[in-house]
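Opening my notebook for this one. I want to look up a few things and jot down whatever I find.

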Amino acid sequence: MPGHRHSHDDLSCLPLRLLIDGDWRDAADNRRITVENPATGKEIAQVADAHAADATAALDAACRAQAPWAALPPRQRADLLHRAYEGLCADRDRFTRVISLETGKPQAEAQAEVDYAAGFLRWFAEEAVRIHGREQQAPGGGSRQIISRWPVGPCLLITPWNFPLAMITRKVGPALAAGCTMVLKPAEQTPLTAILFCRLMQEIALPQGVLNLITTTRADIVVGTLLADKRLRKLSFTGSTRVGRLLLAGAAASILRTSMELGGNNPFIVFDDADLDRAVDSAVQAKLRNLGQACTAANRFLVQDGIAAPFTERLVQRFAALSADNLGPMIGAAARANTHGLVQDAAARGARLVLGGKMPAGHGYYYPPTILTQVPADAPLLHQEIFGPVAPIQIFTTEADALAMANDSGYGLAAYACTRDLDRVIRLQGGVETGMLGINTGILSDPAAPFGGIKQSGLGREGGTEGIDEYLTTRYTAIATPATSGT
Ligand code: ADP
């Protein structure tokens, strides 16, 4: 098949190694990671499996490259990011195929990810020349104060498998723009996209040592080694709240700057006055983008009693019309077992399974779109990230009930609401305890917008004008005014 031929060519010309100081190297102990295709469960490649010594070598390189990279004029850093953007767009098809191969995403979703990922490179190319400080007179007189912004220094960037390219550019883009060097540690399930991206960065002549790549199955040892190294100045992590909490504890020893994009328990609220067509479209997007394997995925549907029956009926129709080909497989056996376990548990507690919920036979980690109603409030799938194509529906009566249910979570990443009442939108803006709120839409991600959560969903923001702040630190200089100047 032509698709397979392409994928084979894509991999045969890739350096399946670590990138350290501009060289592609094997791991110090020569171990390798086996990468599998989630659609078949079969091996597609083996890549280097870094150990502690490799991590230290990568940080050595980042530290050596830091001063010259930070000294480069911002316009030159911006030009490199523009070239990276153009290079990624020019190689869109190959990136699409590699993402699809190692995540199992359908081509259309993989292509949408490439475009989204490229957007961060363009956005931060534009931001690189807009890093501003300020200057002021001391209120009491006697000095002038110059407040300036500087790169924070060598960074460790840890990314997940669900958006293996976009989660990289969302961190690498602002780090490069700010003048930081970095060690990138992608998820072990998706090292190929990271390798392809790093090779692109080499091709556009990013100076060696600025971006180093460490693929590993030994994340705890490799990351632990870097967190214990006092030369590291910043950690940016996207992943589960469980691992984020571990890393924050590790970062405490050296008071490391951290940005954390963690899990969510995102409510999708449908009010009686919603436009039903738009609400159903938005619900399908918010639930089934990436098969629900997104931290912004709607985790629970709160539907007002007057619209609950037609909304549920329409959602069932839309979910039922989607095939495994449209949707793709989940990332792996453990992820699928976790999602299925949550469904079975809810059913055992009395929830009604109105669609899906059956573990399919055969190859690949497929799972059917699933809808549950009458879900009891204590069912774990209302409180934990499902990270799969499962929609539990709960019914509410008043706006106050909906708000109380939406906010009854330790997480605070995203929320969605469908309504045509402007006053209600204003109330929700102030009342919903999340970092992001989508009104009549199921998509929140945009390079120009600050992505991030409150409560246990994280610290810091990615994208927007806020995104670059995470990689900058503030220094202030007081200059005593000469007596003759008068101010
Ligand atoms: P997910 O459930 O999406 O796989 P994780 O939080 O487990 O989320 O993984 C996100 C990233 O964190 C991946 O790059 C993974 O390799 C890394 N990771 C997982 N466990 C650890 C750990 N103990 N220390 C450092 N990094 C880790």
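This is a predicted model: local features need pLDDT of at least 70, side-chain atom pairs count only at pLDDT 80 or more; totals for chains, interfaces and linings use all residues.

Below are my entries, starting with the ligand and ending with backbone angles.

**Before I start**

**Entry 1: the ligand**

Ser 240 has a polar side-chain atom 2.7 Å from an oxygen atom of the ligand. Trp 161 also uses a polar side-chain atom, at 3.1 Å from a ligand oxygen. For Thr 159 it's a backbone N or O atom that lies 2.8 Å from an oxygen atom of the ligand. I also checked the cover: on its own the ligand has 550 Å² of accessible area, and the protein covers 77% of that.

Then I sorted the shell by class.

**Entry 2: Thr 241**

I moved on to Thr 241, which sits in helix α9. Buried or exposed? Thr 241 has a relative accessibility of 7%, so it counts as buried, the cut-off being under 20%.

I wanted to know what Thr 241 touches. Skipping the neighbours within four places in sequence, I listed Leu 262, Gly 263, Tyr 411 and Gln 456. With Gln 456 there is a polar contact too: the side chain of Thr 241 reaches the backbone oxygen of Gln 456 at 3.3 Å.

**Entry 3: Val 316**

I found Val 316 in helix α11, which covers residues 308–320. Leaving out neighbours within four places in sequence, I noted contacts with Val 354, Leu 355 and Ile 371. I also checked Val 316 against Gly 356: they are 40 residues apart along the chain, and their C-alpha atoms are separated by 9.6 Å.

Thr 296 is in the loop between α10 and β13 (298–304). Thr 296 comes out at 6% relative accessible area, so I put it down as buried. My contact list for Thr 296, not counting residues up to four places away in sequence, reads Asn 266, Ala 286, Arg 289, Leu 413, Tyr 416, Met 436 and Phe 451. I followed up on Phe 451: it is 155 residues from Thr 296 in sequence, and the two are 9.8 Å apart in space, C-alpha to C-alpha.

Then I picked Arg 278, in helix α10 (residues 276–288). Its relative accessibility is 45%, so Arg 278 counts as partly exposed. Arg 278 and Ile 131 are 147 residues apart in sequence, and I get 39 Å between them in space, C-alpha to C-alpha.

**Entry 4: cysteines**

Cys 13 is partly exposed, with a relative accessible area of 37%.

Cys 418 is buried, at 1% relative accessible area.

**Entry 5: positive phi**

A reminder for this one: most residues other than glycine have a negative phi. So I wrote down two that go the other way.

Leu 291 isn't a glycine, yet its phi is positive, about 60°. I placed Leu 291 in the loop between α10 and β13. Leu 291 is buried, with 1% relative accessible area.

Lys 455 isn't a glycine either, and its phi is positive at about 50°. Lys 455 is in strand β20, residues 454–455. At 35% relative accessibility, I marked Lys 455 as partly exposed.

Definitions and conventions:
Residues are numbered from 1 along each chain as its sequence is written. Side-chain values use heavy atoms; hydrogens and water are left out. A polar contact is a pair of N or O atoms within 3.5 Å; within protein, one must be able to donate a hydrogen and the other to accept it, and residues adjacent in sequence count only if both atoms are side-chain atoms. Accessible areas come from the Shrake-Rupley method with a 1.4 Å probe; for residues, only the protein chains shown count as cover. Helices (H or I, at least four residues) and strands (E, at least two) are DSSP runs, numbered from the N terminus. Buried means under 20% relative accessible area, exposed over 50%, partly exposed in between (1.4 Å probe, protein chains only). Contact means heavy atoms within 4.5 Å.
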